[in-house]
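Please take a first look at the structure shown here.

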Amino acid sequence: MGVPGPFPSFAGAPDGPVMGREEVDRALAKLAAEHEAIESSLLALQDHAGRRLLEGAELTGVTKSRWSTTEQAISLLWSYFDAYTEALTRAREVRSRHRWPTQDELAELTELLCGTAITLPSSATLGGSPLLSEELGLDRLVDRMNRWYAEAIDVIVSADAVWSALPARIDMLSAELHRTRSLAHSVGVRPGEHPSGDDLEQITAELTALRAEVVSDPLAFWKPASGSSAPGGGSPDTERYDRSARALEDVRREIEAVLDVRQDAERRLMRLRDVLSRADRTLAEARQARGEVLAKIAASEVPAVSGPPTALHEQLVAAADYRRRSQWHRLSPLLESLEQRADDELLRARESLTAVTAPLAVRAELRGRLDAYRAKVARHGMARDPFLVERYDVARRMLWSAPCDLRAAEQAVLRYQQAAAEALVPRQTGPAGQGIEGGTE
């Protein structure tokens, strides 16, 4: 609810010691307008929803302390306004005696309007005055009322802004928390059984405490605007609320992940079984290939092949058991771990097979190279060359014998390649520049 601004200050003091008739009339007209503005502001302050809430609330902390002072200020504001009204009434009564006031009446009016003829109760608790009463002029009276009004409206508007913003948001978040807890329980996410269940309990406790603190001490959750002196300048401090909202969002995402697991668990379990089965077959193939390599290849270091991933198979059995028991909160993290480790295991099995069969691949490459050069020699009509036939037979016996010495066989293939290359180089006949003629030895 909006409240009018501060009270206007009185600025009708005359230059001379005694005011003239026209000066008095202008001052009285100004005072009447000020009186109306002050009354409107005080009535608006009295009717402000934030003030009524503060009066009816069980306050604590900084709000209790500041509202205690503010209540006194509001009470004094009305006392000061009554004194202001009384002074204005007296001045009007003196002025109404004669159309042309006498000199004594002008002197009395000057004292009422510009002097310190207003006696007021002490404001020791607000201003630190040790006096039981004090005398003020209208200008100082309005200045003091302005200051107290600003302080009072600052407390009321700030508290009302916090109450208008935070409790409603906390209630909405609490409703979302209630829905999330119900969903969490349906998938087995409970306190003591799953970290997210514990998080939900902590968020619940925090929101309950936060709401109670906001209701009883709203000013503790108010951040004044830096560099602003306007009453009510600032915004509610939502840091604790925002932290709880982020925590609840994290839990909600975790619950959604668990729900996804429930909906897709069988497909993921089947894929895991398939991946581990392929890894087992690949390892079995690698073990078989290793025996073949050791039998067929001599002087070669063949890496050992590990056994099947027993631990992964046991965890896969546990995952299937979690699914049967609908323990989705336990199944969710286990599936994520198993999927990554199963893929790693299949990759490791393939790498093992590749490493084990590398000597056989080298032998196959050497055989292919030897046959390719023999075919090339045959195309040039040199297949029956005794030297090349001898070199070929040596290399072939090495490559097709068991166990095969890969190093010696590779050297034999290289010797055959060199001999073939030399035999295929055409001879130069006749004087230089007369031409090139191919031939055989």
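## Helix 13

This is a predicted model. Helix 13 runs over residues 406-424, 19 residues in total. From its first C-alpha to its last, helix 13 reaches 27 Å. That is close to the 27 Å expected at 1.5 Å a residue.

Which residues of helix 13 are buried? They are Leu-406, Ala-409, Ala-412, Val-413, Tyr-416, Gln-417, Ala-419 and Ala-420. These residues cover an arc of only 165° around the axis, so they lie on the same side of helix 13. An α-helix has 3.6 residues a turn, so residues three or four places apart point the same way. On the other side of helix 13, Arg-407 and Glu-422 are exposed. The cover over the buried residues includes two helices, helix 11 (358-379) and helix 12 (386-399). It also includes strand 5 (297-298) and strand 6 (404-405).

## Helix 1 and helix 2

Helix 1 spans residues 21-47, and helix 2 spans residues 49-56. At what angle do helix 1 and helix 2 pack? The angle is about 50°, with the axes 5 Å apart.

## Val-162

Val-162 sits in helix 6, which covers residues 138-186. Is Val-162 buried or exposed? Its relative accessibility is 0%, so Val-162 counts as buried; the cut-off for buried is under 20%.

What touches Val-162, leaving aside its neighbours within four places in sequence? Its contacts are Pro-167, Val-214, Pro-218, Phe-221, Trp-222 and Pro-236. Val-162 and Ala-220 are 58 residues apart in sequence. In space, they are 9.4 Å apart, C-alpha to C-alpha.

## The whole chain

The protein chain has 13 helices and 8 strands. Of its 441 residues, 37% are buried.

How values were computed. Residues numbered from 1 in each chain as written. Predicted model: local features only at pLDDT ≥ 70, side-chain atom pairs only at ≥ 80, totals over all residues. Heavy atoms only, no water. Axes fitted to C-alpha atoms, helices over the stretch in contact; angles between N-to-C directions. Helix = DSSP H or I, 4+ residues; strand = E, 2+ residues; numbered from the N terminus. Expected span 1.5 Å × (residues − 1). Buried < 20%, exposed > 50% of the residue type's maximum accessible area, 1.4 Å probe, protein only. Arc of directions from axis to C-beta. Contact = heavy atoms within 4.5 Å.
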